[in-house]
Amino acid sequence: METVAVSGAPELAEELLRWFVEAKEPECFAACLYTCYELLRPDVVLEVAWMNKLMDYAMPYMIQAVKEYSGKVDLLMSERKEAKEAVQAQQDNMQKAQAQANSFQMLMPLALPAPQMPGMAPDHGSFVGAPPAGYGAAAGFTGHQGYGGY
């Protein structure tokens, strides 16, 4: 048994387990479950024990295996939950940063036309100094000479 356990070969451990069943050595079957615990798969142990009415000998092994697998599942679930929470926190931080950037834009004053100077004629909906519709200069040309008279 110890040689099989040291070998690290799951196939040898299963073969030894089946040999103890055929030799009608239930105590050795239980000892093999303990000695080769890391090499034996729970489904194989359960099948061999159930088919040969050795469930009483296999039950301590099965309880330990279920406990071990439950712990692994719990660990994986907690890691998954932490990863989900980290992603959610990152998304929340990005949304907060975007909302804060947008709030600064909301605080900026709107681009409104300058108020009328006293004594000027009221402007009927157009910007100050803009010609009435249909009477303006060509696009890009104001009719004034540029800087320096050119």
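**Exercise 1. Contacts along the chain**

Find what share of the contacts with a separation of 6 or more joins residues 24 or more positions apart.

*Solution.* Take the contacts in the protein with a separation of 6 or more. Residues 24 or more positions apart account for 51% of them. Keep in mind that this is a predicted model. Now look at one pair. Y34 and A58 are 24 residues apart along the chain. Their C-alpha atoms are separated by 9.7 Å.

**Exercise 2. Elements and surface**

*Solution.* Step one: count. The protein has five helices and zero strands. Step two: order. Step four: surface.

**Exercise 3. Helix 2 against helix 3**

Decide whether helix 2 and helix 3 run roughly parallel or roughly antiparallel.

*Solution.* Two packed helices are described by the angle and the distance between their axes. Start with the positions: helix 2 covers residues 10–22, and helix 3 covers residues 26–35. Their axes come within 8 Å and cross at roughly 165°. An angle over 145 degrees counts as roughly antiparallel. Therefore helix 2 is roughly antiparallel to helix 3. The crossing is left-handed.

Next, name the residues in contact. Helix 2 brings A13, L16, L17, F20 and V21. Helix 3 brings C28, F29, C32 and L33. Sort them by class: nine are nonpolar, none is polar and none is charged.

**Exercise 4. Helix 2 against helix 4**

Work out how helix 2 and helix 4 are oriented, and sort their contact residues by class.

*Solution.* Helix 4 spans residues 42–51. The axes of helix 2 and helix 4 come within 11 Å and cross at roughly 10°. The cut-off for roughly parallel is under 35 degrees. So helix 2 and helix 4 are roughly parallel to each other.

Now the contact. E14, L17, R18 and V21 come from helix 2. They meet V44, V45 and V48 of helix 4. By class, this contact has five nonpolar, no polar and two charged residues.

**Exercise 5. One residue**

Is Y34 buried or exposed?

*Solution.* Locate Y34 first: this residue lies in helix 3. Read its relative accessible area, which is 73%. Exposed means over 50%. So Y34 is exposed.

Terms used. Residues numbered from 1 in each chain as written. Predicted model: local features only at pLDDT ≥ 70, side-chain atom pairs only at ≥ 80, totals over all residues. Heavy atoms only, no water. Helix = DSSP H or I, 4+ residues; strand = E, 2+ residues; numbered from the N terminus. Contact = heavy atoms within 4.5 Å. Axes fitted to C-alpha atoms, helices over the stretch in contact; angles between N-to-C directions. Parallel < 35°, antiparallel > 145°, perpendicular 65-115°, else oblique. Left-handed = near helix turned anticlockwise from the far one by under 90°. Nonpolar A, V, L, I, M, F, W, Y, C, P; charged D, E, K, R; others polar. Buried < 20%, exposed > 50% of the residue type's maximum accessible area, 1.4 Å probe, protein only.
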